[in-house]
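The entries below follow the order in which I looked things up.

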Amino acid sequence: MAVVVVHGPGPWFDETVQSLASQDYPALSTVFLLADGADDDTAARIRAVLPEAFVEALGANPGFGPAANTVAQIVEGDQGFFCFCHDDVALDPDAIRLMVEELYRSNAGIIGPKLVTWEHPRILDDVGLDVDRFGQPASRVDVGEVDQEQHDAVTDVFAVPSACFLTRADLFRALGGFDAAMSFHGEDVDLCWRAHISGARVIVAPAARVRHREQLESRRPDLNHVALRARHALRSTLTLTSGSRLPVRLLEIVVLTAVEAVVGVLSGHAREAWASVRALVGAIPRFPTLLARRGAIAKLRRVSDTEVHDLQSHGSNRLASFRRARETQLVIGVDDHGNADGDGAVVRRWRERSMAPLVTWIAVILAVLLASRTLISRSVPTIGEFLPFPDSARDLFGDFLSGWNRRELGSTTPNPTGLAVLSIGSVLWLFHMGLGLTVTVVGAILLGGLGVWRLTDLFPSNRERVVALVTYTAMPLLPGVISTGRLSALIAFAALPWFVHLVRSAAGIGTADPNAAAADLADGVIALGARERIRRIAVAGIAVAIAVAMAPPVLLLVAAVTIVLVLSSILVGAGWRTSGWLLVAGAAATAIGWLLNLPAANWSWSDLTAVPLAGAPGRGLTDVASMNIGQARLGLLALALYVPVVTGLLLSRAWRLTWAGRAAGLVVTFGVLAVLQDRDALPFRVPEVGILLVPVALGLALAAACAVASFASDVAGGTFGWRQPLGVLSIVAVLCGTFPALLTLTDGSWFTTRTTMMTLLAPRVAADDFGDFRVLYIGDPRVLPATPHDLGAGISYALTAPGVPHIADRWTTAGSDADDELGQALADVSSGATQRGGRLLAPYAIRYIVVPHIDGGQSTASDPIEQPIGLSDAFGAQLDLRHLFTSPTFDVFENTAAFPGTAAFTGSLADATAASGSAELVRRDLSGAPPVLNGTLEDTSASGEVPAGVVALAVPFDERWTMNVAGEEVPASVGFGALTSFEVATGGPAGLDYETSTSRHAELVGQALLWVAALVAASRLRRPGWTRRAAARGDRATVIDLADDVELPTDAGDVPVLVPLEPVGATAGSRHKAERPLFRPADPAERAAWVDDMFADEDDPGLGGARGSRR
Amino acid sequence: MNLRRLPMLVVTIAALVAVVLGAGSAVVPTSAVFSTVSAPWMPAAPLPGGLTSAWFCPGVPAAGEEGRTGIVAVFNSGEAALRGRLTVLRVDGEPVTQDIEVPPFDSKEFALDTIVESPYAAAYVEIDGGGGLVEQRAVDPAGQSVAACANASAREWYLAAGDTLDGSVERLVLSNPHDYPAVVDVTLATERGVRVPEQYQGFAVPAQSVRVIDVNAIIGDQTRIGVSVVASRGRVIVGRAQLLETPDRAGFVMTLAAPATRDQWWFAYGERADNVVENYYLYNPGDEDAEVTPVLLGFQQSAGMEAPATIVVADGEVVEFRMADVADLPAEPHSVVFSTEPSTPIVVERVLTRTIDTVPTTSITLGATTRPDGYVATTWYVGLGPSVATQGALALYNNTSAESIVTLQAITPQGVQNVAGFEDIAVAPGAIRYLDITGTALGNQLIIRSTTQVFVERVLPREPDAQGRVAVWAVPANA
């Protein structure tokens, strides 16, 4: 009985069916189990070749093992054999017969054929598996090993692959079939292990040859194959190892997993290492299930565990597999018809054996740490967007959940998702918030490098990945953005390579087969199933969402990068289909990134772009092109990196040309945008230059990799001509371009300034007993330490709490009427409409006005940003602003008319809170109002004594602010035109609080659901195993009875029956010493007749002679 | 050749070439501008409609001495009553603030020595709703001096034409209207070099107070004294009380210092006559030598007249430019502008002495400047005008290339009225025009409206019924 489990059969399937139809084994029945459910097309294809075949559609796809188990339900009888096959094998016509013969000859329980590759039958695929004591299989042949009959002896093995093997039906039933908990991977090892335990023999009959496509990973990209392997191996080990060995084995597993984690990370196999860790941890809750299975297995045990252990390979196949995995890789070539413009076929190729990745990564990590040594030892200075993290991650998360956004003047604007991201991300710095910024900055560099590493996995050689990694992390942009505190640009630097990697992955673009270059393969593209494509898009979307949560301008960036990639792909001839998928994947990921940031993502175009300056920044073409946008002066050598952009297009072929084109597209588009922005020549606003240069940096890194790849593959070794010098020029240019990075190593702080404006300013604007107040920063937006609000003419302002702003002040909030009023007050100061500007600012609790000149980031003493005209003069001219401090770094004015953010007005002053216009405000000095309910602005709640009168709260009017005085609720009313106040009739103990609305709770729930949905879509989660197994099991009627259908051979000839079917443990040929017969011996005469008949071969007299002699 | 590469190659090379060719030239960064009106300028009348306006008067004698006094006059050219506060600062003691109210189309004068007693008292006036006009008149037995009040305090103040020759007394009056101390450094440029008086380095001007510095006590018997007052903290108002009793000069002048150095200084009024001595003092407080070009305007130059040569004003030096030294200067009214490079701004003051019947009358006038953004007013206000008919009381210089049509208006109790005979007066491009003040214009606040940008100086009688004239700028309207 040939049992074929069919899932999404491709064109090759016809050959599979045909091979079964061609078997010379008599009375072969075939059962096709359609794992995808009823499929008329597949059934028709089967019946076209095998009209008698039985086709059973399964309700769900439980995986190969559970699906194959169905045969135990639909076939009755123990007399016979099951030959389990994948749907991507093609058996030689005599394969089944030879296996049956050998099974009898060797009295084996399970027998496997020699598996060879589908396309090249001379290349061995498998001849049985070695399995170590941890359940890890290892092929007994090397990848690409040519079949020279070196494995043609019948051999005992520990396991045979499930691709095709034959087992006795009674044994299969006795063992309980495949482990129903194992969908894919490991089910064959587990079955064979149990066969050994029960005393059966597992052998390979190399005479039987089967071709195998072995493309499960590409056919089922939705599965986490690495995790499945690790989990199932552990399950087998924990349930099949004898009780006496189990404690030691457990200890070994724990140690091995720890070693593997270290080795895996260092050797670039973190995924495998993580899978092992996860499997080990995941086994803990499965303990009862495992225990139950051990009980069931114990009933099978007929052979001592020592004997089974002796059959297993020594050492750890897992550790060995790391080395093995480095040696080969799956690449995508031309399609099955040899075309370069379709979905390519996945083939396994040699990967060059090299320590270069490990050495490079160690060098890059050390270099980054060396270049960041001052940041690590002394923390990141407070410049630009580099603002310290708050003390508590919990508070940060509390802020996110709150319905009140307390930044700036305060509002009901949803708090940014970035707060939640930072709060959750603080686990990375073990909730030591002081380390948060340092880890973020240094981590972003390495994350960006890792992203480029993953992206350049599309190059089959390590060389290009190394070049791309080094070029990207050595880009002069890094000191440029770090020395100026451009956190958004740094996040873009970290996120963009991942975005491109995930989008190209979702588009199906993978590593191209080097051998396919001759066919001008534009991209190595595989066809992805809808589920897998959605999963990859969801992953990309989540990555975008996280980046956008931290830096909203990244949303525009990824959208623009998507468009550029698509257009570049079209221009470079990558094909409409691939370009279309890139567009779909990029657009969908961008949309998901935005959706996951809802409801806080109500950004306008201006929120996502740079605040306008007075005019052109005017850095100049060379500075922009060489990315000299910070304090580092690294010279113009970086311009050399642009050489490969052109030479890559000239020299490359095939998919290298495609990526050279995409790289050029990124460089040209965003480079031109950056230059035009620098000249103020754009009719629309774009993100600031640091962000615009990130795609340029990525393009340059990709171009460098393409140049190296094209030199090695398209230029070197060819006839000497213009290509060779150009190729050499490219390599030299890449080397020159990365040279300036050495200077960052000597600096140790990415050229950041140690003494920044905030260092000097913080003590002057710190909180004291004044009560709640705010600090207004006003000036050029590039030197403001918080999110700037544009006032026009190149002037912006920012509002913060006392002291040093923190990271949450980076996010902009939507304006309210109060913001408009504040803007008008500043405009009045600007226009000279009043000399009492302090009184206008007082209702907003603005106590200090800081005019920054040199922040230590974008403006330094050696390269200052020119001070805005009339700014200090306008504030200095105010009669109620005390010029507290002046220096070349900043001016500080103290508002002598200020009153606390929560202040009590009594007597005649109480009436003044009703002032609703500037004209009224400037006439009254309200500075004497005492503070009450301190901490309200920071904590959104406070309690204390309040006098009778009016309590003014310096936040925009919102009736959800509630005050309770002596048990009586005091409703909020409008004060100072647009702010909140409470008219307290009788003084007493009071509490002030903000009541979060139910709509905010609903928003949070909705956002959480969106994230869960995205995570589910991004995961490989499937229905729980028990439900799938239940669905697959169902109530299936017996459709075949082996006892009825199989006409056993008769002993008509002189074919020797070497071994009649008998208890495995008692067979003479068995190496096992049976403790107790498991199988009831068949009637010898009956068996003999059956076997003799089967072996009768009139055309092979020689065999008969041999048979006679054996007998 | 793989044709697949061509489109992207062409696009890339074209873009790179376009960027290199199109963006190769440097772009000058543009400065952000928060406020142009707050930049230091000459006193100007704000437009009504603001929230408040403030006027800072440099100071007047207020010790209560006989014949030495001073007033602050507040003018209301609007049809609504003007309300505000007058705060008087003094050398010793707390400031005194009082509410003020000026009826529509009217004015009020406040004698400061009736409010406080102080050697010199300064005042500032805050007017609710903006607008208004405030000037001061300082009275001394040697004469009267009218000065407009500044619109804002400043960190720097300069004077170019100091004089401590025997018989002359020069005092600097520093007032601090803010409620925190100001700290200033005073530097003097003299014929003997730059003097940095130690006692006036880090000199504190307490909050809301006045300080008087006797320049004669620092350096006596000097002419051509340039003064720099630079605040290292805070902002002040600086005025100069100059008493002149020398054979060549006589009178009392209380002027506001210049709150900034500039590269152009304009003077509308000038006269070539035997009894007139017209000298200009050019002070360069900067660090580099300034090359200053005087250009005489407003008259038909004769063929033989040579343009004045460029004047080199070394850093920290005051240079005197004598109009008498200009050969073949016709005996006509003239205007003059002094220009230098923007990188070497200077301060220019004019000392004009007219001698009648052996009695000299000297006036010292700081030049006018354009606003930092180049603005020159088309409307000018005169608060304190002559109370007697005065010929040539207003000197207008049209500094444009277009003819200007000028109308003189007076603020009378009935409102704003055109002054009969002074309507639609044509002023040729680059020409000077003198206007007499008679009739309804006498004793009233005046408005000079022009269709082009003009500079307007008033040439007032030294005192009622006395001979001699004192020149002082009208107040330009701020826009």
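A crossing is left-handed if the near helix is turned anticlockwise from the far one by less than a right angle, and right-handed if clockwise. I kept that convention at hand while reading this predicted model.

Entry, helix pair. I looked up helix α8 (residues 225–240) of chain A and helix α10 (residues 270–283) of chain A; their axes come within 8 Å and cross at roughly 45°. I noted the crossing of α8(A) and α10(A) as right-handed. On the α8(A) side, the contact is made by Val226(A), Ala227(A), Ala230(A), Arg231(A), Leu234(A) and Leu238(A). The α10(A) side includes Arg271(A), Glu272(A), Arg278(A) and Leu280(A). Sorted by class, the contact of α8(A) with α10(A) has 9 nonpolar, 1 polar and 4 charged residues.

Entry, Trp498(A). I located Trp498(A) in helix α21 (residues 487–506) of chain A. Which residues does Trp498(A) contact, leaving aside its neighbours within four places in sequence? I found Leu447(A), Leu450(A), Gly451(A) and Arg454(A). I also checked Val544(A), 46 residues apart from Trp498(A) along the chain; 8.9 Å separates their C-alpha atoms.

Entry, confidence. For chain A I read a mean pLDDT of 86, with 89% of its residues at 70 or more. Over residues 1045–1111 of chain A the pLDDT is below 50, and beyond near neighbours in sequence this stretch has 126 contacts in the model.

Entry, chain B. I listed its division into domain 1 (3–148), domain 2 (156–256), domain 3 (264–366) and domain 4 (379–476). The centres of domain 1 and domain 3 of chain B, taken over C-alpha atoms, are separated by 27 Å.

Conventions:
Residues are numbered from 1 along each chain as its sequence is written. Chains are lettered from A and ligands numbered from 1 in the order in which they are written. This is a predicted model: local features need pLDDT of at least 70, side-chain atom pairs count only at pLDDT 80 or more; totals for chains, interfaces and linings use all residues. Side-chain values use heavy atoms; hydrogens and water are left out. Domain bounds come from an automatic or database domain assignment. Axes are lines fitted to C-alpha atoms, for helices over the stretch in contact, and angles run from 0 to 180 degrees between N-to-C directions. Helices (H or I, at least four residues) and strands (E, at least two) are DSSP runs, numbered from the N terminus. Contact means heavy atoms within 4.5 Å. Ala, Val, Leu, Ile, Met, Phe, Trp, Tyr, Cys and Pro count as nonpolar, Asp, Glu, Lys and Arg as charged, and the others, Gly among them, as polar. pLDDT is the predictor's confidence in each residue, from 0 to 100.
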